[in-house]
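Hi there,

Here is the structure I promised to pass on to you. Please open it next to this email and follow along as you read.

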Amino acid sequence: MEFFFQIVITGLSLGFLYALAALGFVMIFKSSSVLNFAHGGLMAIGAFLFLVLSAWARLPIWLAFLLTLIGSFSLGFIIERFFLRPLIGEALIEVIMLTLGLFYMIKGLLLFIFGGDLYSYPDFLPPVLTFHWGGIEVTGVYVATFIIGLIFLGLFGFFFKYSSQGIYMRSVADNQPAAMALGVHVRRVFALSWAIAALVAAMSGIVLGIINGINVHEVSDIGLKVFPVVILGGLDSIGGAVLGGIIIGLLETFTGGYISTGLREVIPYIALIIILLIKPYGLFGLVEIERV
Amino acid sequence: MENNLLLQINNISVVYSDVIQILKAVSMDVRKSQIVSLLGSNGAGKTTTLKAISGLLKPENGKVTEGTIDYGGHNVQNSAPETITRLGIIQVMEGRQAFKYLTVEENLRVGTATRWGKPYKKDLEMVYHYFAPLVARKSSLAGYCSGGELQMLVIGRALMAQPRLLLLDEPSLGLAPLLVKEIFEIIKRINEEQGTTLMLVEQNANMALQIAHFGYVMENGKIVLEGDAKDLRENPDVKEFYLGVAASGTIKSYKDVKAYKRRKRWL
């Protein structure tokens, strides 16, 4: 029984990590229908930026964290401005190929600078975070992941539901010409969605680094795991991304715990294929509203 | 320029995709606090005229190639919609383009995009005051609203931007006659109480000429007739072609070949 609870809790926090990673992906897809293959790259940049600032420059953790977020937010803006904006009006496939190119560019650049080694952050989590309950012990990293995930998902939910800027962003995703007619600055919305996506990606990259340590290959490849998550939840649903993340996280830890650790890496993709067969739009995919 | 002129269109031509000419030398004057209606058959260029004013030609690859659009001292032809909306020109597009996956109130809040960060509670109250049926639907998704509610919603949403010039494209499209009457009455009240200048594109010429002060009739991308609304209502050609009443006062039949010939003369 203890083993079971242990697995549930690790699965949940892993799930929050995936949800956080998927959130940025969904955001770009929602506002501009672009599948962002560079998402893993953005995660890796965030993770390494934090490494440089915290371990190498030895800044205080909170400052390093803040600077990483600001840096990746700006990076999102820059990517949109210099790579995506010239492609507005071109076919979608060109934009998607561009993100793929961007991914390899980022990965190559990071490999060039950091090599394929495994790095780890300084141990900054306070020991009180480690959680004991009966015979169950959950290490601080998982508790931290859980808390960070919860805070940021809450913040984003709030931003999109209640803030004016969030509502403008949703209006562009909904009906672009109508939003334009009302004076919504569509290009600014695109830029903002890339910036926010890069910020969330960096965040999930850092969390991943706290759990596993960071390695260029590993962090950027986890961007690939975003696909089963978002397809399970529905490509354009933020709530779906959260739930999809949690389901995939639990699925992985349960498979790893009870069946075989070898199967663990494969199970999300098996799930992905089954979901596509049964519910092609995902659990919360957009159901077209049609009045008859 | 006269003092009470809000918008002056001088001889504009509009071309789509560099080859398809839709408007040919169109000129119009819109006076402050008036309702100007724009009549004409399908494909006459009414919507294109509105889009030329609001800047929405651009995303459709259209361009004002000649002439100027003068709005309170600004030359707005070929400006971006973000700029034009911030000058106070808001277009309500044809076909009730609500944001389907946003609630009614969120839809209205998008109307504040031109003045982000400013308080909007008063404007919400004003919109709910004009369009009472929206209050009950406040928090339901716009995609599930009826056609009449959607039309009220998109007009209300435009009002949230506090427009000086409101461009309405076929507000009566596909609505029941009673509802059309209600909406036109509200449009008239908005004009009288808020002092908003309106340009109204309509197929329902009868309704449009009843509330308008001035009217233009378009054919094939040109203006063929203009005048005070009450004069247009009495004009035998307008009566016959747009109000569906023959000179004698009976309903006209398509069998009448003469009518067809007379219409040709306008082109």
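**Two helix pairs in chain A**

In this predicted model, helix H9 (residues 216-233) of chain A packs against helix H12 (residues 267-278) of chain A, at an angle of about 30° and with the axes 9 Å apart. Angles under 35 degrees count as roughly parallel, so H9(A) is roughly parallel to H12(A). The crossing of these two helices, H9(A) and H12(A), is left-handed.

Which residues make the contact? On the H9(A) side they are Lys225(A), Phe227(A), Pro228(A), Ile231(A) and Leu232(A). H12(A) brings Pro268(A), Tyr269(A), Ala271(A), Leu272(A), Ile275(A) and Leu276(A). Sorted by class, the contact of H9(A) with H12(A) has 10 nonpolar residues, no polar ones and one charged.

Now turn to helix H1 (residues 2-32) of chain A and helix H5 (residues 140-162) of chain A, whose axes come within 9 Å and cross at roughly 40°. H1(A) and H5(A) are therefore oblique to each other. The crossing of H1(A) and H5(A) is left-handed.

From H1(A), the residues that meet H5(A) are Ile9(A), Thr10(A), Leu12(A), Ser13(A), Phe16(A), Leu17(A), Ala19(A), Leu20(A) and Leu23(A). Their partners in H5(A) are Tyr142(A), Thr145(A), Phe146(A), Gly149(A), Leu150(A), Phe152(A), Leu153(A) and Phe156(A). In the contact of H1(A) with H5(A), 13 residues are nonpolar, four are polar and none is charged.

**The nonpolar core**

How many residues are in the largest nonpolar core? There are 167 in the largest nonpolar core, and those with the most contacts inside it are Ala19(A), Ala22(A), Leu23(A), Ala47(A), Val184(A), Ala202(A) and Met199(B). Helix H8 (residues 186-212) of chain A gives the most to this core, with 19 residues.

Leaving out residues up to four places away in sequence, Ala22(A) touches Val226(A), Val229(A), Val230(A), Ala241(A), Gly244(A) and Gly245(A).

**Where the chains touch**

The contact between the chains takes 28 residues from chain B and 17 residues from chain A. On the side of chain B that touches chain A, the elements giving two or more residues are helix H2 (81-86), strand E6 (89-92) and helix H3 (104-110) of chain B. H2(B) gives the most to that side, with four residues. The residues on the side of chain B that touches chain A divide into 14 nonpolar, eight polar and six charged.

Glu170(B) is in the loop between E7 and helix H7 (177-194) of chain B. Glu170(B) is not a glycine, yet has a positive phi of about 50°. Is Glu170(B) buried or exposed? Glu170(B) counts as buried because it has 21 C-beta neighbours inside 10 Å.

Asn220(B) sits in the loop between strand E9 (214-219) and strand E10 (222-228) of chain B. The phi of Asn220(B) is also positive, near 50°, in a residue other than glycine. Asn220(B) has 15 C-beta neighbours inside 10 Å, so it counts as partly exposed.

Lastly, Gln162(B) lies in the loop between helix H6 (147-159) and strand E7 (165-169) of chain B. With 19 C-beta neighbours inside 10 Å, Gln162(B) counts as partly exposed. Gln162(B) and Gly88(B) are 74 residues apart in sequence, and 7.1 Å apart in space from C-alpha to C-alpha.

Enjoy exploring!

Conventions:
Residues are numbered from 1 along each chain as its sequence is written. Chains are lettered from A and ligands numbered from 1 in the order in which they are written. This is a predicted model: local features need pLDDT of at least 70, side-chain atom pairs count only at pLDDT 80 or more; totals for chains, interfaces and linings use all residues. A residue is buried if 20 or more other C-beta atoms lie within 10 Å of its own, exposed if 12 or fewer, and partly exposed in between; C-beta atoms are placed from the backbone. A nonpolar core is a set of buried Ala, Val, Leu, Ile, Met, Phe, Trp, Tyr and Cys residues joined through C-beta atoms within 7 Å. Two residues are in contact if their C-beta atoms, placed from the backbone, lie within 7 Å. Ala, Val, Leu, Ile, Met, Phe, Trp, Tyr, Cys and Pro count as nonpolar, Asp, Glu, Lys and Arg as charged, and the others, Gly among them, as polar. Axes are lines fitted to C-alpha atoms, for helices over the stretch in contact, and angles run from 0 to 180 degrees between N-to-C directions. Angles under 35 degrees count as roughly parallel, over 145 as roughly antiparallel, 65 to 115 as roughly perpendicular and the rest as oblique. A crossing is left-handed if the near helix is turned anticlockwise from the far one by less than a right angle, and right-handed if clockwise.
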